[in-house]
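Me: Could you walk me through this structure, please? I am new to it and would like to start with a sheet and then turn to a pair of helices.

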Amino acid sequence: MSAGPGTVGDMTRQTKTPRGGNAVEVRGLVKHFGDVKAVDGVDLDVREGTVLGVLGPNGAGKTTLVRCLSTLLVPDAGSAVVAGYDVVRQPRALRRTIGLTGQYASVDEKLSGYENLYMIGRLLDLSRKDARRRADEMLERFSLTEAAKRPAAKYSGGMRRRLDLAASMIGQPSVLYLDEPTTGLDPRTRNEVWDEVQRMVREGATVLLTTQYMEEAEQLASELTVIDRGRVIAEGLVDELKAKVGGRTLQIRPADPTALDAVAAALAGAGLDGLGGATPDPADGVVNVPIISDEQLTAVIGLLGARGIALAGISTHLPSLDEVFLALTGQKSSEAPADDARESDQQYAEVSA
Amino acid sequence: MSAATLTAPATKPGADEGRIGLRANLRHIGALARRNALQIKQDPESMFDALLMPIIFILLFVYVFGGAIAGKGHQQEYVQHLVPGMMAMMGMNIAMAVGSGVNEDFRKGVMDRFRTMPIARSSVLIAKIVVEIGRMLIATTILLAMGFLLGLEIRGSALEFVAAILLSTAFGAALMWIFILLGLSLRTPQAVQGMAMLVLMPLQFGSSIFTPTDNMPGWLQGFTDINPLSQLADAARALINGHGAVAHPTLITLGWAVAITAVTMPLAVRKFRSKT
């Protein structure tokens with residue numbers, strides 16, 4: 001909870017105009033539940049008009065952090081200012097400027113999509129006419145017009161999440177919290193949600209996004225804060241962190257399984273700048289190559305083509321949360337989901353059952 | 001913390017602007033009450049208690065116990081005794097359902113949304129009560145309709161009749177705050193239901209709702225006399241039958257209603273605020 005390095009820098013930030021400044025500033029935030037230090041001294045900034053990804057395993061304190069910043073929980077210590085309002089001292093004013101989409105859909109399941117949005121419009125003091133118009137607009141925008149009259153309980157997971165985002169957008173919040181917005185969604189609906197988030201950011205929203213997936217953080221966020229056990233363990237631009245953890249792994253499957261060594265040798269001899277070592281994996285019949293940019297991916301394929309090596313398959317893999325933690329901290333995360341981060345889908349299903 | 005004050009980011013000056021005005025508050029309550037009403041529309045079974053309970057209970061008591069309590073052939077007089085008492089009971093039964101309803105509601109993400117919106121947090125609870133009062137009036141209407149079918153006579157004035165309905169409704173609304181508090185305090189709707197039954201049974205049967213209390217043992221009479229349901233039943237009975245003391249039981253009932261609301265409403269709203 002000390003000021004840490006950069007006290008001077010923080011003071012200069014105070015004099016900056018809001019535009020281009022930070023929409024969210026968190027300093028030494030602490031929230032304990034009994035002995036559990038859910039959030040244990042977190043500092044973070046979200047620059048206006050950008051997406052900050054908060055990456056961490058289950059139980060890292062992501063949701064508690066979001067709940068503190070959205071006035072659902074009162075922090076034990078530290079301070080947080082969102083859109084210029086103090087979360088503890090000015091909660092009412094703050095609620096006019098924020099939107100929250102949680103891990104579990106926060107819409108009324110018994111109400112239709114339209115009725116949900118109309119109700120929220122009315123709660124935000126829109127006139128009846130404006131609330132109706134805005135609800136229709138949002139349904140249209142989130143491709144829910146056809147399902148407008150059906151109760152939300154009958155929606156698919158993706159539709160429900162879209163309705164949830166629509167509900168958060170009714171009041172045109174300047175700061176939007178997305179707490180694991182795609183947990184439990186299949187890849188197609190996940191992409192739909194991503195598209196929407198990107199669109200909101202283009203339209204000027206500031207987003208604080210929590211996620212368990214490196215892939216999601218990479219897609220949506222420009223900066224990343226990695227937290228574990230309630231503490232920040234790494235922060236920086238997504239590209240910086242990606243370089244640190246080694247970016248993606250390219251998996252090359254030559255048509256001729258005996259050509260593994262030839263592939264590896266070709267790549268090693270090519271002298272591609274910054275390209276990590278190629279490792280043949282005879283058991284799977286593939287060669288693994290760590291890459292850090294799309295250009296490298298193109299270069300590798302071009303090189304193999306030039307050498308006349310036929311490929312049966314090629315794929316890229318982002319590092320899993322486990323690998324990220326290993327690379328950043330040299331140790332495993334406190335509660336990284338097993339093999340695949342998507343396993344948390346299972347937990348989602350259990351909780352919602 | 002002196003260092004922290006240095007680094008604390010600048011906030012907009014002034015206190016917490018955005019206090020919610022009365023008109024806005026009423027609009028919010030309206031929007032939330034509409035939500036509760038639409039929920040009933042979506043789930044018509046949830047009206048069964050309000051619709052069927054009065055019918056079943058009045059038939060049960062008039063025909064099964066009526067003869068034994070009032071003597072064979074005196075069922076007409078028993079209807080005059082029972083119906084006003086059951087008006088008191090309806091309020092309690094409907095109020096009880098509010099507790100598990102609120103508990104159920106709270107398990108859903110939509111509450112988080114309400115609590116991050118610029119609305120008074122009490123409006124969510126008040127909207128629920130508004131709609132439940134509607135349900136209570138429907139139940140009372142059905143009860144009275146059944147009563148008239150079974151020969152209920154309004155022996156007091158029309159004004160007294162309306163007063164009886166208003167009094168039982170007001171008391172029922174006050175009771176709702178108790179059950180809302182229970183609903184917010186206990187973990188599952190089942191626990192709320194169980195707890196509510198524990199409160200409900202002794203209060204209902206240890207009262208003058210079903211039978212006159214003269215034949216009860218002295219210690220029990222002591223309880224039934226202070227039991228607000230007895231007072232409410234006595235007041236409604238006097239108003240509908242046009243005889244008996246009105247002022248005394250009415251005042252005691254209103255006193256209970258005010259006291260219950262004054263104590264449990266702030267507790268419930270506080271509980272609602274601090275709920276995580």
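Me: In what order do the strands of the open sheet of 4 strands in chain A stand?
Reply: This is a predicted model, where local features need pLDDT of at least 70, side-chain atom pairs count only at pLDDT 80 or more, and totals for chains, interfaces and linings use all residues. Residues are numbered from 1 along each chain as its sequence is written, and chains are lettered from A and ligands numbered from 1 in the order written. Strands (E, at least two residues) and helices (H or I, at least four) are DSSP runs numbered from the N terminus, and two strands pair if DSSP finds at least two bridges between them. With antiparallel pairing, the order in chain A is S12-S13-S11-S14.

Me: Which strands of chain A stand at the edges?
Reply: An edge strand here has a single partner strand, so one side of it is left without a neighbour in the sheet. In chain A, that describes S12 (279-281) and S14 (311-317).

Me: Over how many bridges do S11 and S13 of chain A pair?
Reply: Strand S11 of chain A covers residues 248-254, and strand S13 covers 286-291. A:Arg248 stands opposite A:Ile291 in S13(A). The two strands pair in the antiparallel sense over 5 bridges.

Me: How are H2(B) and H6(B) oriented to each other?
Reply: The axes, lines fitted to C-alpha atoms over the stretch in contact, with angles from 0 to 180 degrees between N-to-C directions, come within 8 Å and cross at roughly 55 degrees. Angles under 35 degrees count as roughly parallel, over 145 as roughly antiparallel, 65 to 115 as roughly perpendicular and the rest as oblique. H2(B) and H6(B) are therefore oblique.
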